[in-house]
Amino acid sequence: MAKVKDVLQALDDLTGGRCLKSSHDWASGKNPWVVMKSSGIPGKGIVEMPGLIWGDAEQEVKKIAVCMTVTESVIELAAATGVDAIVSHHPIADAANSGGVLIKYYLGIYNLAHFELHEAFHGTHPGIPWLHGHRPFFSSVSYGGVPGNVVNVGNVLPEIDTIGDLIDRLNILMNAKLDEHMLEIERKERGCDKIEETSVAACAKILVGDRSNKVRTVIHMHPHCGFTPEHLEQLKRDYPEADTVIASISRVYPGHPLVAKAEELGMNFICGNSHALEIFENGVPLAQALKNHLPECEVVIFRERQTSIPLEEVGSPEIRDYGTKIAAKYLHR
Ligand SMILES: [Fe+2]
Ligand SMILES: [Fe+2]
């Protein structure tokens, strides 16, 4: 029977030893994967600590859930389905990811262990470029001297000829048609055609160029990492053969300076996978690696599905009435 400490060992092994092994290890300042992240908003920063965040090392683990971000829905689903340990890719913050209450109380009552593995997992595999149809020959994790500004420049795989092929490849790999179909069914069954869902709303898109445009060399970047039009200009100077820009995880919208710069440089511009699909890009390989290390454990994926619905059409008629009355009586304008 696997224990919490075995899950930690598995995470440490699959990252080539990047996890924290003890509190001494954390305090030593020697683990480069312990990263402080802060926007400068008082009290809202976080320290990423790859490894075990909460739980008893000797506790038994039969079932592991791999998710991107811990939320109250994740915790409730884990508790209700017999999960012993949650492994989240994104770091966890006390009383933020745990539904506004303390991790020690909330995970404590459900006997849930929690592990996080974020920056220490990044860069362990070349999956994201592969999903986007190219093989990088230049990579940087701090392009232009900006820490975390991940850029890959790559040649497309032999089966890719046009930017339409790139979009089709992503749609097949991400099962985009099925998500569209599920949304259609939900809209129909709930009698509301205004429901939106992330993976459909933020699907792969061409912003500049024609489906039939040839693609040979791509500049693959992530706008939320600090990538600028100047970075694009410099990359195009260094790799004049680059004909296409791919933005993934985050994206920009028409009118953004990065789109204008791509147009000016005569390049295609594509939005690839959104962050909502990272569960497939990083979550599935991480979960499979855990399963390989701990075959006796059941491993499940928690996939978030976020929907938007107009206030006037949410829930049951009774709950809308409840909302109307409570707001009118107690929540003064
Ligand atoms: Fe990530
Ligand atoms: Fe992420």
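Reply: What follows starts with the metals, moves to a helix and a strand, and ends with charged pairs.

This is a predicted model: local features need pLDDT of at least 70, side-chain atom pairs count only at pLDDT 80 or more, and totals for chains, interfaces and linings use all residues. Residues are numbered from 1 along each chain as its sequence is written, chains are lettered from A and ligands numbered from 1 in the order in which they are written, and side-chain values use heavy atoms, with hydrogens and water left out.

Which residues hold the iron ion (ligand 1) as protein donors? They are H89 (NE2), H122 (NE2) and E278 (OE), at 1.9 to 2.2 Å from the ion. A donor is an N, O or S atom within 2.8 Å of the metal (3.2 Å for Na, K and Ca); water is not among the atoms, so sites may look incomplete. Along the chain these donors have the spacing H-x32-H-x155-E. H89 and E278 come from distant parts of the chain, 189 residues apart. H89 sits in the loop between β5 (85-88) and α4 (103-109), while E278 belongs to helix α11. Helices (H or I, at least four residues) and strands (E, at least two) are DSSP runs, numbered from the N terminus.

Now the iron ion (ligand 2). Its protein donors are H90 (NE2), H275 (NE2) and E278 (OE), which lie 2.0 to 2.1 Å away. Here the spacing in sequence reads H-x184-H-x2-E.

H89 has 1% relative accessibility, so it counts as buried. E278 is buried too, at 2%. H275 has 35%, so it is partly exposed.

Next, follow helix α11, which spans residues 278-293. It packs against helix α1 (residues 4-14). Two packed helices are described by the angle between their axes and the distance between the axes. For α1 and α11 the angle is about 120°, and the axes are 10 Å apart. Axes are lines fitted to C-alpha atoms, for helices over the stretch in contact, and angles run from 0 to 180 degrees between N-to-C directions. The crossing of α1 and α11 is right-handed. A crossing gets that name if the near helix is turned clockwise from the far one, and left-handed if anticlockwise, by less than a right angle.

Which residues meet there? V7, A10, L11, D13 and L14 come from α1, and L286, A289, L290 and H293 from α11. Contact means heavy atoms within 4.5 Å. The residues of this contact are seven nonpolar, one polar and one charged. Ala, Val, Leu, Ile, Met, Phe, Trp, Tyr, Cys and Pro count as nonpolar, Asp, Glu, Lys and Arg as charged, and the others, Gly among them, as polar.

Strand β13 (residues 268-274) holds N273. N273 is buried, at 3% relative accessibility. Leaving aside neighbours within four places in sequence, it touches H132, L170, M174, S248, I249 and E281.

Finally, the charged pairs. How many salt bridges does the whole structure have? The search finds 18. A salt bridge is a side-chain nitrogen of Lys or Arg within 4 Å of a carboxyl oxygen of Asp or Glu. One joins R305 and E186, at 2.7 Å from N to O. This pair links distant parts of the chain: R305 lies in the loop between β14 (298-301) and β15 (307-308), E186 in helix α7 (residues 176-190), 119 residues apart. R305 is partly exposed at 38%, whereas E186 is buried at 14%.

K261 and E264 form another salt bridge, with their closest N and O atoms 3.2 Å apart. They are three residues apart in helix α10 (residues 257-264), so about one helical turn separates them. K261 is buried at 11%, but E264 is exposed at 57%. Elsewhere, salt bridges with shared partners join K3, K5 and E58 into one network.

Notes: Buried means under 20% relative accessible area, exposed over 50%, partly exposed in between (1.4 Å probe, protein chains only).
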